[in-house]
Amino acid sequence: MLASLILLVKMPRYAAIDIGSNSVRMMAAEVNAGTTKILAQDRQVTRLGESVFRQGRVSAEALNFLCVNLQRMAAIYQKLEVAGIRAVATSAVRDAGNQAEFLKRVTEALGAPVEIISGQEEARLIHLGVEARWPHPKERTLIVDIGGGSGELIVSQNGELIDSISRPLGAVRLTGLFLTMDPPSEQAVSRLNQYINEKLAVFVKRHGSEKFDRVVATSSTAAALVCAVNRIPRARRDTADGVRASTAQIRRFFELLIKEDVNERRRWIGIGPRRAEIIVAGAAVFLRTLEGIRHRSMYYSTAGVRDGIIADLANRRVGSELTRLSREQRQIVEAMTKRYGVAIKHARQVASLAHSLFEATQPLHRQPPTAGKLLDAAAYLHDIGHFVSDTSHHKHSAYLVANSDLPGFTAKERLTIATICRFHRKSMPQAGHSNFQALDAEAKRTVLYLSPLLRVADALDRSHEQKVRSVAASIKSASVGLQVEAKGNADLEIWAASRAGLSFREVYGRPLTIQRARRQVK
């Protein structure tokens with residue numbers, strides 16, 4: 001039952017918008033224990049860089065087109081109820097003279113703040129994205145990303161960013177500067193190569209003599225190159241992830257490209273009609289980079305800035321505030337707790353421990369962040385039934401919560417909180433429990449997964465003396481271990497929590513072992 005239920009619940013979801021010099025990209029993804037599942041993605045060529053690199057500002061036409069597409073992309077990820085979003089603009093906007101107008105328009109279109117990031121931040125996000133999608137924990141890697149306006153070269157050692165530089169080597173920028181004839185003249189190609197070598201000189205001097213285990217190439221230009229030399233159609237571009245292109249192959253391909261006009265370049269397998277307009281400049285940068293560091297090949301990765309944004313949001317646990325009661329909600333449940341004579345120190349302690357357990361076991365229960373609020377509220381209110389009678393107080397708690405006015409909570413949330421209170425002791429939910437059966441499928445899953453956590457949290461304050469200071473979970477394939485840090489004699493709490501752990505095993509299918517941490521709290 002556990003496996004089937006897990007597939008139905010929502011994990012933390014994030015969205016990323018990357019406004020580049022050539023295109024805008026959107027990605028929405030679900031993240032769990034370091035694994036990313038892409039839910040939606042979109043891309044649209046905008047060529048912001050053409051007007052910026054020519055006129056020094058984003059043209060009205062390009063900005064209007066971008067805003068229309070941002071509105072469309074926002075509508076896609078908003079339906080997915082993401083916990084956090086980050087939208088960034090890169091090279092072209094860094095150079096634009098109308099940044100203020102740009103930011104105002106795109107922020108309004110997207111309905112979320114847009115920030116202009118530096119080349120160093122762009123490199124950091126690219127590195128994060130590559131490591132998230134294709135980690136290299138035991139290699140020295142060079143990541144090369146050639147966008148529309150800039151090129152980022154990133155040195156990574158055992159998965160850690162060691163050095164990075166950003167250079168004005170984007171394919172749109174270089175095409176506008178040097179390749180105005182079609183096909184380009186020999187003189188134009190020569191000037192292009194000299195300019196690229198000049199901009200790469202500092203990096204080559206610093207790292208050219210080093211040995212890289214692998215060169216990873218990102219961006220659509222890299223995808224087009226790898227697909228073209230390996231004859232992979234654009235429709236199957238995703239299959240190019242991790243595919244190799246040798247320096248010799250890229251050199252031969254480049255020598256053919258510079259002799260062709262755009263219509264001839266469009267006939268190549270793997271190169272789209274718009275990419276054909278800027279592929280010569282992009283290919284030149286990759287080739288000069290590989291030759292500069294004397295490396296024999298590069299591997300394409302689909303990762304990019306958007307992947308790095310998703311990984312960064314997940315690493316920083318953006319949206320985790322959704323797991324906690326708002327100030328207003330906390331005031332409401334605390335007032336109700338006091339009204340029914342529950343010791344507020346005990347209620348706060350159980351709520352704190354329950355929240356720690358919720359976050360520690362998230363890879364197992366996979367409940368959405370907002371479920372944490374419901375567990376917090378139930379932890380405050382689970383004992384209010386003692387006001388009616390000590391006998392079956394869990395049932396009285398459920399009745400009081402279900403039939404009380406709880407401002408700040410929806411009717412569904414109030415009934416879910418009540419049902420968690422109902423099952424914080426004694427039997428677990430069964431088919432014959434009418435209050436459980438009255439819930440919809442989503443709320444039933446929430447009650448089923450969170451009730452054992454409340455039982456364990458309550459047991460860890462069995463004496464009502466707040467002896468337990470913290471809990472840490474160790475999740476293994478066949479079991480879950482809790483390390484309890486406590487002050488004084490906490491044997492009663494550990495014993496009670498071990499008994500409560502039987503319900504955890506019933507729901508999660510894994511035994512729960514509880515041990516006291518070696519470090520003592522005085």
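The following questions and answers concern a predicted model.

User: Which residues of helix H13 are buried?

Analyst: Helix H13 spans residues 305-315, and nine of its eleven residues are buried, so the helix is largely enclosed by the rest of the structure. What covers these residues includes strands S1 (13-19), S2 (23-32), S3 (35-45) and S4 (84-89), together with helix H6 (119-133). The buried residues of H13 are Val305, Arg306, Asp307, Gly308, Ile309, Ile310, Ala311, Asp312 and Leu313.

User: Which residue with a positive phi follows H13?

Analyst: The phi of this residue is near 55°. The residue that follows H13 is arginine 317.

User: Is glutamate 122 buried or exposed?

Analyst: Glutamate 122 is placed in helix H6. Beyond its neighbours within four places in sequence, glutamate 122 is in contact with Thr90, Arg94, Ile117, Ser150, Glu152 and Val305. The cut-off for a buried residue is under 20% relative accessible area. Glutamate 122 has 6% relative accessibility, so it counts as buried.

User: Which element supplies the largest share of the lining of the largest cavity?

Analyst: Two cavities of 30 Å³ or more are found in the whole structure, and the largest has a volume of about 50 Å³. Its lining consists of Met27, Thr36, Ala132, Arg133, Asp307, Ile310 and Ala311. The elements giving two or more residues to this lining are H6 and H13. The largest share, three residues, comes from H13.

User: How many charged residues are in the lining of the largest cavity?

Analyst: Asp307 and Arg133 are among the residues that line the largest cavity. The lining divides into four nonpolar residues and one polar residue, and the number of charged residues is two.

User: How many residues of the lining of the second largest cavity are nonpolar?

Analyst: The second largest cavity holds about 40 Å³ of space. Leu357, Thr361, Leu453, Val456, Leu482, Phe504 and Leu512 line it. One residue of this lining is polar and none is charged, while the number of nonpolar residues is six.

User: Which element gives the most residues to the lining of the largest pocket?

Analyst: The largest pocket has a volume of about 910 Å³. The elements that each supply at least two residues of its lining are S2, S3, H6, strand S6 (140-146), helix H9 (220-230) and H13. With five residues, the element that gives the most is S3.

User: Which residues of the lining lie nearest the centre of the largest pocket?

Analyst: The lining of the largest pocket divides into twelve nonpolar, 19 polar and 16 charged residues. Of the 47 residues that line this pocket, those nearest its centre are Arg25, Arg43, Ser219, Ser220 and Arg306.

User: What is the arrangement of the aromatic pair of phenylalanine 253 and tryptophan 268?

Analyst: The count of aromatic pairs comes to seven. In the pair of phenylalanine 253 and tryptophan 268, the centres are 4.8 Å apart and the planes stand at 85°. Planes over 60 degrees apart count as edge-to-face. The arrangement of phenylalanine 253 and tryptophan 268 is therefore edge-to-face.

User: Where is tryptophan 268, the partner of phenylalanine 253 in a pair linking distant parts of the chain?

Analyst: At 3% relative accessibility phenylalanine 253 counts as buried, whereas tryptophan 268, at 23%, counts as partly exposed. Phenylalanine 253 belongs to helix H10 (residues 247-257), and the two residues are 15 residues apart. Tryptophan 268 is in the loop between helix H11 (262-265) and helix H12 (279-292).

User: Which residues do ring pairs link into a cluster?

Analyst: Phe504, one of the residues lining the second largest cavity, belongs to this cluster. The residues linked by ring pairs are Tyr449, Phe504 and Tyr508.

User: What is the distance from arginine 214 to the ring centre of tyrosine 299?

Analyst: Arginine 214 lies over the face of tyrosine 299. Elsewhere, the charged end of lysine 444 sits over the ring of phenylalanine 436, 5.9 Å from its centre. For arginine 214 and tyrosine 299, the distance to the ring centre is 4.7 Å.

User: What distance separates the C-alpha atoms of isoleucine 279 and alanine 224?

Analyst: Isoleucine 279 is found in helix H12 and is buried, with a relative accessible area of 0%. Leaving aside neighbours within four places in sequence, its contacts are Thr221, Ala224, Leu225, Leu257, Arg265 and Ile271. Isoleucine 279 and alanine 224 are 55 residues apart along the chain, and their C-alpha atoms are separated by 7.9 Å.

How values were computed. Residues numbered from 1 in each chain as written. Predicted model: local features only at pLDDT ≥ 70, side-chain atom pairs only at ≥ 80, totals over all residues. Heavy atoms only, no water. Buried < 20%, exposed > 50% of the residue type's maximum accessible area, 1.4 Å probe, protein only. Helix = DSSP H or I, 4+ residues; strand = E, 2+ residues; numbered from the N terminus. Contact = heavy atoms within 4.5 Å. 1 Å grid on protein atoms, 1.4 Å probe; cavity = no way out; pocket = protein on both sides within 12 Å on 5 of 7 lines; lining within 4 Å. Points joined across faces, edges and corners; volume = space filled by probe spheres on them. Nonpolar A, V, L, I, M, F, W, Y, C, P; charged D, E, K, R; others polar. Phe/Tyr/Trp six-rings, centres within 6.5 Å; stacked < 30°, edge-to-face > 60°. Lys NZ or Arg CZ within 6 Å of the ring centre and 35° of its normal.
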